[in-house]
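Morning, everyone. Have a look at the model first.

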Amino acid sequence: MSTKDNILKAAENEFIEKGYEDSSLRNIAKMSGVTTGAIYGYFKDKDELYETIARKELNHLLTLYNNLNDYIGDMKEMIKILDKFSSDEKVQKFLIEQSLYNYKLMYENRDLFIFLFLKSGNERNKKYLDEFIELDYQESLKIIEIKKGVSADKYTKVVLKSFIKHTIGAMLELISHIEDFEEARPYLEIYIRIYITSYIQLLK
């Protein structure tokens with residue numbers, strides 16, 4: 001492993017454990033076996049070091065999210081599933097179990113979610129969270145527009161964005177307070193039912 005890789009690994013551990021504000025370049029240098037001056041040879045300051053790690057981890061989470069969407073299937077198939085949700089118990093079970101699987105993967109990456117969205121400091125937290133919300137928003141908007149056959153009106157767009165923002169916020173709060181997926185599962189099932197039922201209304 002190169003010196004730079006050692007620094008990045010030590011910094012990632014430090015940032016995940018302590019968050020941005022409480023992390024120290026001195027501690028990172030000590031853990032990576034270099035001097036503080038050596039860190040400045042690769043990164044101009046703590047902010048650039050943090051941004052390098054955070055950007056890598058955010059890309060990892062976005063890739064994970066895209067892979068999950070691909071696993072569920074194409075958007076037209078998703079519309080068919082959502083149309084049957086209210087009346088078909090098998091469809092309900094399938095979609096809830098699939099959503100729970102997604103949350104399980106989030107729990108397997110729990111440290112990254114907390115690192116990026118809860119321990120980043122207010123401005124950093126908002127920046128990375130906004131990117132994650134935007135991705136979910138764009139995917140959800142496509143389904144609505146395919147279903148309706150027209151571009152969504154401004155009211156639907158505003159409500160959808162707000163809805164997703166609050167739902168993700170609630171999910172992050174749950175992940176931050178309950179460490180074990182199985183313990184969180186009953187709460188997640190309720191969130192999922194509320195989310196899907198509400199989203200179906202936007203498809204009408």
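Start with Lys161: its charged end sits over the ring of Tyr137, 4.6 Å from the ring centre. "Over a ring" has a cut-off: NZ of Lys or CZ of Arg lies within 6 Å of the ring centre and within 35 degrees of the ring normal. Lys46 does this too, with its charged end over Tyr20, 4.4 Å from the centre of that ring.

A word on the source. This is a predicted model, where local features need pLDDT of at least 70, side-chain atom pairs count only at pLDDT 80 or more, and totals for chains, interfaces and linings use all residues. Residues are numbered from 1 along each chain as its sequence is written, and side-chain values use heavy atoms, leaving out hydrogens and water.

Now, ring against ring. How many aromatic pairs does the structure hold? It holds 8. Rings of Phe, Tyr and Trp (its six-membered ring) pair if their centres lie within 6.5 Å; planes under 30 degrees apart are stacked, over 60 edge-to-face, the rest tilted.

Take Tyr50 and Tyr128. Their centres are 6.5 Å apart and their planes at 40°, so this pair is tilted. Tyr50 is in helix α4 and Tyr128 in helix α8, 78 residues apart. Helices here are DSSP runs (H or I, at least four residues), numbered from the N terminus. Buried or exposed? Tyr50 is buried, at 1% relative accessible area. Tyr128 is buried as well, at 0%. Buried means under 20% (1.4 Å probe, protein chains only).

Finally, ring pairs link Phe15, Tyr20, Tyr50 and Tyr128 into a cluster.

Technical notes: Helices (H or I, at least four residues) and strands (E, at least two) are DSSP runs, numbered from the N terminus. Buried means under 20% relative accessible area, exposed over 50%, partly exposed in between (1.4 Å probe, protein chains only).
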